[in-house]
Amino acid sequence: MRVALVGPSYSGKSTLFAAVAQSGGSQVHLDRADQEHLAVVKVPDERLLWLEQVYKAKKRTHAELEFLDVPGLDLSSDATRARARTHWPLVRTSDMIALVLRNFHNDSVPAYRDRVDVQADLDELKSEMLFSDLEQVMARIEKLQAALKKPTSDRDEQVREMELMVRLQNALEEEKPLTDAVKTPSEEKLVRAFAFLTLKPLIVVVNCDEGKMPENPPEKLAGYNAIYLSARIEEEIAALDVAERGEFMEAMGIKEPVSDRLIRLCYKTLNLVSYLTAGEKEVRAWTIPGGSDAVAAAGEIHTDIQRGFIRAEIVAYDDLKAAGSEKAAKAAGRYRLEGKTYIMKDGDVVIFRFNV
């Protein structure tokens with residue numbers, strides 16, 4: 001899963017990216033002139049630490065989340081807007097968007113548009129994403145109009161797509177959800193292929209002044225899941241040795257590093273859960289969409305396991321830990337056998353039985 005960090009120039013977005021990368025990931029430079037960066041961050045999961053000890057595992061593998069640092073967007077002129085639009089195709093490859101908005105004052109860092117206005121920046125970015133989607137739809141309509149002037153074997157399909165594109169155009173112009181314009185599963189599949197920005201899950205990151213965080217920050221902003229932080233302080237924390245971080249965080253009133261909080265919010269927004277596998281060779285967390293059945297979960301490990309699925313042997317992590325060991329949990333009847341339609345739960349410890 002990839003999260004694109006998007007924000008206006010001078011929002012502190014790259015400072016946040018550096019803090020997230022240092023807290024729990026390795027930074028990889030993408031070979032592009034735009035200088036985007038990618039951080040592959042391990043998803044914190046204390047359950048793996050306990051499983052590693054109990055199974056005396058040789059390897060511990062965390063789930064991972066990618067964070068993409070998109071260059072700051074300047075939409076204040078035609079020239080800067082044109083440059084900003086070159087970044088949208090890469091944002092479309094991401095699974096969700098985190099809008100980083102400036103709420104700090106610093107005379108040495110010029111404010112975008114000479115303002116510090118979270119709501120104005122949010123509205124501007126949302127409008128730009130909507131306009132980008134509208135441009136994409138209009139370009140597709142233009143191509144379809146040209147194609148429909150000629151007799152082709154797939155004309156009926158092109159006509160249906162044109163009808164859909166017109167509905168999408170109307171929805172965007174009226175600022176209505178694109179999902180309202182989709183009527184059939186085939187249309188839904190086609191819409192997904194366009195990776196529209198306005199359909200991507202979105203969270204808001206409010207980058208506050210150091211020492212001026214709201215005491216009870218709201219969980220929502222304009223209807224979106226939100227997180228409030230100081231990217232500068234988080235970067236300083238991430239740069240410390242692990243042993244020194246706890247004391248510094250306590251002094252600043254910060255309970256968790258930014259990577260932990262941001263990842264948890266991303267998982268919540270994307271509706272992701274993790275199931276676990278454990279043995280002497282490896283303990284590992286696997287990320288799946290909430291509501292996935294056992295067969296789909298098996299496919300995350302290997303398609304052969306999914307194809308040859310027989311059943312899943314499952315114990316809840318809390319039950320396993322309370323019992324103290326796999327043997328004790330089985331003796332207490334905590335393990336159960338589940339079939340193909342079982343809906344996986346976060347923290348399920350699983351052994352898949354299969355035959356190919």
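## Helix H6 and its buried side

A residue counts as buried when its relative accessible area is under 20%. Keep that cut-off in mind for helix H6. The model is predicted. In H6, the buried residues are Gln158, Glu161, Met162, Leu164, Met165, Arg167, Leu168, Gln169, Ala171 and Leu172.

H6 covers residues 155-173, which makes 19 residues. From first C-alpha to last, H6 reaches 27 Å. That is close to the 27 Å expected at 1.5 Å a residue. What do the buried residues of H6 pack against? They pack against two helices: H5 (118-147) and H7 (185-194).

## Where H6 meets H7

Two packed helices are described by the angle between their axes and the distance between the axes. Take H6 and H7. Their axes come within 11 Å. They cross at roughly 65°. The crossing is right-handed.

Which residues make the meeting? From H6 come Glu161, Leu164, Met165, Arg167 and Leu168. From H7 come Glu187, Leu190, Val191 and Phe194. Look back at the buried residues of H6: Glu161, Leu164, Met165, Arg167 and Leu168 are among them.

Is Glu175 buried or exposed? Glu175 counts as exposed, because its relative accessibility is 65% and the cut-off for exposed is over 50%.

Lys56 also has a positive phi, of about 50°, although Lys56 is not a glycine. Find Lys56 in the loop between helix H2 (46-55) and strand E4 (60-61). The relative accessible area of Lys56 is 68%, so Lys56 is exposed.

## Strand E5 and its partners

Strand E5 spans residues 64-69. Strand E1 (residues 2-6) runs parallel to E5, and four bridges join them. Strand E3 (residues 37-42) pairs with E5 in the antiparallel sense. Six bridges link E3 and E5.

Follow Phe67 in E5. Val3 stands opposite Phe67. Phe67 is also the bridge partner of Ala39.

## Leu90 and Leu68

Leu90 sits in helix H4 (residues 88-92). Leu90 has a relative accessible area of 14%, so this leucine is buried. How many residues separate Leu90 from Leu68 in sequence? They are 22 residues apart. In space, their C-alpha atoms are 9.2 Å apart.

## Cysteines without a bond

A disulfide is a covalent bond between the sulfur atoms of two cysteines. How many disulfides does the structure hold? The structure holds zero. Cys208 is in no disulfide, and its nearest cysteine sulfur is that of Cys266.

The cut-off for a disulfide is sulfur atoms within 2.5 Å.

Are these cysteines buried or exposed? Cys208 is buried, with a relative accessible area of 3%. Cys266 counts as buried too, because its relative accessibility is 0%.

Notes: Residues are numbered from 1 along each chain as its sequence is written. This is a predicted model: local features need pLDDT of at least 70, side-chain atom pairs count only at pLDDT 80 or more; totals for chains, interfaces and linings use all residues. Side-chain values use heavy atoms; hydrogens and water are left out. Buried means under 20% relative accessible area, exposed over 50%, partly exposed in between (1.4 Å probe, protein chains only). Two strands pair if DSSP finds at least two bridges between them. The expected span of a helix is 1.5 Å times one less than its number of residues. Contact means heavy atoms within 4.5 Å. Axes are lines fitted to C-alpha atoms, for helices over the stretch in contact, and angles run from 0 to 180 degrees between N-to-C directions. A crossing is left-handed if the near helix is turned anticlockwise from the far one by less than a right angle, and right-handed if clockwise.
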